[in-house]
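Here is a friendly walk through a two-chain model. Please keep the viewer open as you read.

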Amino acid sequence: MSDLSPETVLRVDDLSIVYRTDRGDVRATNNVSFDLKRGEAMALIGESGSGKTTISLALIRKLPKNAVVTNGHILYQHKNKVQDVLGLSRRQLRGFRWNDCAMVFQGAQNAFNPVLKIRKQFEDTARAHGWTDKDAIRKRALSLLELVRLDPERVYESFPHELSGGMKQRTLLALGVLLNPQVVILDEPTTALDILTQRAIIDVLNDMQRQLLFSIIFISHDLSLAAEMADTVATVYAGEIVEIGGVDDIFYRSLHPYTYGLLTSVPTLDHAQDVLQSIPGSPPNLIAPPSGCKFHPRCSFASDQCQVEGPLLELGRETHLAACWHKDRLLASRKEVV
Amino acid sequence: MPEPIIELQGVYRDFKKGREVVPVLQDINFAINKLEFLCLVGESGCGKTTTGKIICGLLPPSSGTIHFEGQDIATLRGAEKRRHRRNVQIIHQDPYASLNPTQTVSEMLGYPLLAHRLVNGRRGTDSRVKELLDLVDLTPVEDFIDKYPHQLSGGQRQRVSIARALTTEPSVIVADESVSMVDVSIRIGLLQMMMDLRDRLNVTIVFITHDLALAKYFAWDGRIGVMYLGRLVEIGATQQIIAAPQHPYTKVLLSAIPEPDPQKTRSKQHIQLRSEDIPRLTELPPGCSFHPRCPWYVPGACDVAVPQLAQPAQSLVDTKVACVPLERGDKLVLHDS
């Protein structure tokens, strides 16, 4: 714990989570480790079922009842105090959630109580976390609503149904940061929104982060969103982080065949024709995952070693890491193409 | 000369919602040419799915006509109507909702074959079902033929949906957001397979999507039609639309979309809208529906006349646009806000 640099706000250390189901144990998160720095925006990218939502739910201890954390720690550092999130009591947890670490869930449409005014929902949240001064709450709420580029007075006195989907999403972002959390987790923040609404949300998020200086972890299957918003990108496959690095490292110098495969399967708006390729096969079943490297059945570089031994992501001094035995082969093949 | 296979003329479609009448489509005019790749793009509520259903004959228009191979589909009766139904098929968005969970793959594919009397007996059905599965790369077919939908992955289910659309040997398939629910890593493979079907089976595919990058990939040699609030606002060759969009709405859309390239997407210029509020279909503004948001809005023109889809005066490309200033041959001037 002592090696936590003051810059680090959140450390996930060797985290493993299993869902107990009738059909067997679903190994949704395996030995996941990463550090989140103050003010950093990290993207967890991966396909549905890759385990990225499980990781984020674990951070606020909101996992479903059948989930068991089998290994690891989640450390949160604020004002030189380090807490292990997994060891917090119920009371401490109530303080931690929203005050320190807030989560904005997917689907803003359903996040608000339809029979309460937005004002009431801001007030309830603040009061539940110990705020008593109604005027102070109002002041903070209005300034946040303004920050997300809404008409503050109007929205504050509205019912949720009076707001459009994009307005609700922005109101939800404002509510999420009401208590000034250090970490904000966003689950698919722009999915299911229209293009122009998505643009507005991205711009608003960038503004908010610049002003309020929180750290972001966002979960998305949209690589473009990661390219636009993230400082750091982690690729999640079959419950593991298979590659992590700076956004430029991931997009221009990816080392893991899965990340590279994702990048070559996404169309662009370039004025040239895209040459794209899908990754063969489909994501594995996490009840009976493949042996060795979980990506080997879909990987064109796979060798005998990959079938037996899973490569690990060794966190060290390097900032760009990939769990792959054959990084050199991917690099060599890319040089040939270029 | 491109030969139209389907033509929509002056198509309107209203839906009743309580006492209100919602104009979902207004004055849609375009043709789908034989074997072209045509993409309809637009945001939710623009009417692209309704257009797809009207093309398939699943919904009648409130007014206007749809011609299929030169025949007005509203006048078709009996055997001719059945032939049209066979000829135009649709693939829905959600492969989890559009397949019957109680039927096996062979039942799902066998039923339309028997209903349309396209095969003889059980043996004929079986061999045709196998052929279809082979066409959509669900091989070895023996592994899939007796599966229920819940035993298949999302991508495999969508392949079954495509195979089912192919049972009647259609000449047109409308694919409505057919890959948006499928994982990114396998999406392109599915799209490539659909693109191959055109050449292998002589089928024209109309692809409906909200994703312009996907539209660009699919219809690179074809055309894109952009819809906004129930109207077609721009239609033309894909490469033209991507490189030099003309309609203000298309320009704004293209500038707003993030790209999977950090440097490109962060240096992109975003055109600011005058307003972010999308008008309700029941309270559409007068004139051009986009004018309250349009950064190039010309007062006194855009809020008065409803623009018609036409090739702008002095335009060198055959893109058609519905925009009042462009119609008059004016240059667009960014509005000070």
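This is a predicted model: local features need pLDDT of at least 70, side-chain atom pairs count only at pLDDT 80 or more; totals for chains, interfaces and linings use all residues.

## A hairpin in chain A

Let us begin with a local detail. The hairpin of β4(A) and β5(A) has two residues between its strands, and Lys79(A) there takes a positive phi near 50 degrees.

Strand β4 of chain A covers residues 67-78 and strand β5 of chain A covers residues 81-84; the two pair in the antiparallel sense over four bridges. One pair to look for is His78(A) with its bridge partner Lys81(A) in β5(A).

## Chain A as a whole

Zooming out, chain A holds 12 helices and 11 strands. Its C-alpha trace spans about 65 × 50 × 40 Å along the principal axes. A compact globule with 338 residues would have a radius of gyration near 20 Å, and the 21 Å of chain A agrees with that.

Of the 338 residues in chain A, 45% are buried. If you take the contacts in chain A between residues at least 6 apart in sequence, 66% of them join residues at least 24 apart.

Helix α6 of chain A, residues 165-176, has 12 residues. From first C-alpha to last, α6(A) reaches 16 Å, close to the 16 Å expected at 1.5 Å a residue.

How many of the 12 residues of α6(A) are buried? The count is 11, so to speak a mostly covered helix. The buried residues include Met167(A), Leu172(A), Leu173(A) and Leu175(A), and also Lys168(A) and Arg170(A). Their cover includes the strands β6 (101-104) and β7 (183-187) of chain A, along with α3 (118-128), α4 (134-147), α5 (152-156) and α7 of chain A.

## Where the chains meet

Chain A and chain B touch through 36 residues of chain A and 36 residues of chain B. On the chain A side, the elements that give two or more residues are α7 (195-212), α8 (223-229), α9 (247-252) and α10 (257-263). That side of chain A divides into 17 nonpolar, 13 polar and six charged residues.

Among the buried ones are Pro248(B), Tyr249(B), Val252(B) and Leu254(B).

## Domains and a sheet in chain B

The domain assignment of chain B gives domain 1 (4-228) and domain 2 (244-327). Their centres, taken over C-alpha atoms, are separated by 29 Å. The contact takes 10 residues from domain 1 of chain B and 11 residues from domain 2 of chain B. On the domain 1 side, β2 (20-33), α7 (212-218) and β9 (223-228) of chain B each supply at least two residues, and β2(B) gives the largest share, five residues. By class, that side has seven nonpolar, two polar and one charged residues.

Strand β2(B) also belongs to an open sheet of four strands in chain B, with the order β2-β1-β4-β5 and antiparallel pairing. The edge strands are β2 and β5 (71-72) of chain B, each pairing on one side only. Strand β1 of chain B, residues 4-17, is joined to β2(B) by 10 bridges, and Leu8(B) stands opposite Phe30(B) in β2(B).

Technical notes. Residues are numbered from 1 along each chain as its sequence is written. Chains are lettered from A and ligands numbered from 1 in the order in which they are written. Two residues are in contact if their C-beta atoms, placed from the backbone, lie within 7 Å. Ala, Val, Leu, Ile, Met, Phe, Trp, Tyr, Cys and Pro count as nonpolar, Asp, Glu, Lys and Arg as charged, and the others, Gly among them, as polar. Domain bounds come from an automatic or database domain assignment. The expected span of a helix is 1.5 Å times one less than its number of residues. A residue is buried if 20 or more other C-beta atoms lie within 10 Å of its own, exposed if 12 or fewer, and partly exposed in between; C-beta atoms are placed from the backbone. Two strands pair if DSSP finds at least two bridges between them. The radius of gyration is taken over C-alpha atoms; the globule rule is 2.2 Å times the number of residues to the power 0.38.
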